[in-house]
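Dear colleague,

I am handing over the structure we spoke about, and my notes on it follow below. Please read them with the structure open beside you.

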Amino acid sequence: MKITVVGTGYVGLVTGTCFAETGNEVTCVDIDANKVKKLSAGQITIYEPGLEKLFERNLKEERLSFTTSLEEGIKDAEVIFLALPTPPGEDGAADLSFVLYVADQLGKLLTDYKVIVDKSTVPVGTAEKVIAAIAKNCKTPFDVVSNPEFLREGVAVDDFMKPDRVVIGTTSERARKVMGELYAPFVRQGNPVLFMDEKSAELTKYAANSFLATKISFMNEIAILCERLGADVDMVRRGIGSDDRIGKRFLFPGIGYGGSCFPKDVQALVKSSEDAQYDFKILNAVMDVNEKQKLFLLPKIKAYFKNNLKGKHFALWGLAFKPNTDDIREAPALYIIDALLAEGATVSVFDPEAMGNVKQIVGDKIIYAEHQYTCLDNADALIIATEWSVFRTPDFHKISATLKNQAIFDGRNLFEVQRMKELGYHYESVGRIPAIS
Ligand code: UDX
């Protein structure tokens, strides 16, 4: 099939590459000429494990190409995906201006039947708006489909190639047939393609992400309670996760969720609820808990240093909002850095992938270490904000020899509490019983 993907951000690039990998001919369109030049020259613009190989192969096989011209990009396409940003506006609602602008342009350019697919996360009712924006100038029949993505950063290629489910929102038989054919190679293992109306598909995406965010905030509150009552969140997590109705996944407490999806989508669903005159109480609490959770370690750090962080120097491991990505959007580490600097402390950081992105935002207010161990130089304590695999089995001899105080504040529960005690550390994590001496 001939496909166009408008927008070569994270979702667009993964979508375009993966469709090319299954034999489709994909043209990606972006207004950023510099990006198009780079991508056309074989330079990938995002870090996503496994993507580069597929990207290079499909570029070479000429199944994947890039252009800045929407007109040229959609010429022979049967399906046009919109993978455009929907950033939160000032009131928290998703800003649809990018999506509606392209829809408007498409209306002027369409000369034969095409299926236009919303891949961007958009509020309920957006398909209707996209239809209206295209129809204003369009003389040929077309269909608009809502097809939300459920890609996790770090495993996006796998998620795309072997999805748990594909959600397709359309009431058009013609579009349904085209979309069914397009996704057939991805659901060979028997996972469902769920056809539904446009609004239900749009809401499914928000409901999924909000539910997962709720699970995390719930566990973060259970962790707080564990510390107060003397229970261990690891035990409670296993205890409840064995119940199939709850499930083992997404029950890990930590220093809050971040990234480009959960914070934005929960906020947008709250806003949609308000617009529908409904006060979504649970989600307001989910956001509130998450805001506080980002600084969960701070009181522990302050207590250890007798409420005075002035002149103290901290090593911080992990900047990305989660492992296997260079994405630092809403990353808890950034909040911790700000809080430490505000207390008069200094900070050295290390992250396997996200240093460049942080440098662009935070600049020279902090020190960027070349290595996870040189990051510890002159540090009074170590703070861990992201659970990268390289931090899971560190050389504790090196850590002990370099840190001024044997203190580790771990926001991701990487180590056994008892073992850390035996190694002689003052070790604080999230929701676990202090070690027995
Ligand atoms: C998420 C959804 O999983 C994906 O389906 C959707 O399309 C986009 O949003 P992503 O943002 O890439 O994907 O990250 P995910 O792996 O889901 O983690 C989100 C956040 O939750 C991270 O900050 C992570 O640290 C946190 N998290 C996750 C926890 O704190 N505890 C958990 O148990 C799981």
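What distance separates the centres of domain 2 and domain 3, taken over C-alpha atoms? The answer is 24 Å, with the domain bounds coming from an automatic or database domain assignment. This is a predicted model, in which local features need pLDDT of at least 70 and side-chain atom pairs count only at pLDDT 80 or more, while totals for chains, interfaces and linings use all residues. Residues are numbered from 1 along each chain as its sequence is written.

The assignment divides the protein chain into domain 1 (2-196), domain 2 (205-293) and domain 3 (298-428). To the contact between domain 2 and domain 3, domain 2 gives seven residues and domain 3 gives 10 residues, where contact means that C-beta atoms, placed from the backbone, lie within 7 Å.

Helix 9 (residues 198-229) packs against helix 11 (residues 262-275) at an angle of about 110°, and their axes are 9 Å apart; helices here are DSSP runs (H or I, at least four residues), numbered from the N terminus, and axes are lines fitted to C-alpha atoms over the stretch in contact, with angles from 0 to 180 degrees between N-to-C directions. The two helices, helix 9 and helix 11, are therefore roughly perpendicular to each other (angles of 65 to 115 degrees count as such). Y206, N209, S210, L212 and A213 of helix 9 meet F262, D265, V266, A268 and L269 of helix 11.

As for confidence, the protein chain has an average pLDDT of 96, and 100% of the residues score at least 70, pLDDT being the predictor's confidence in each residue, from 0 to 100.

Definitions and conventions
Two residues are in contact if their C-beta atoms, placed from the backbone, lie within 7 Å. Angles under 35 degrees count as roughly parallel, over 145 as roughly antiparallel, 65 to 115 as roughly perpendicular and the rest as oblique.
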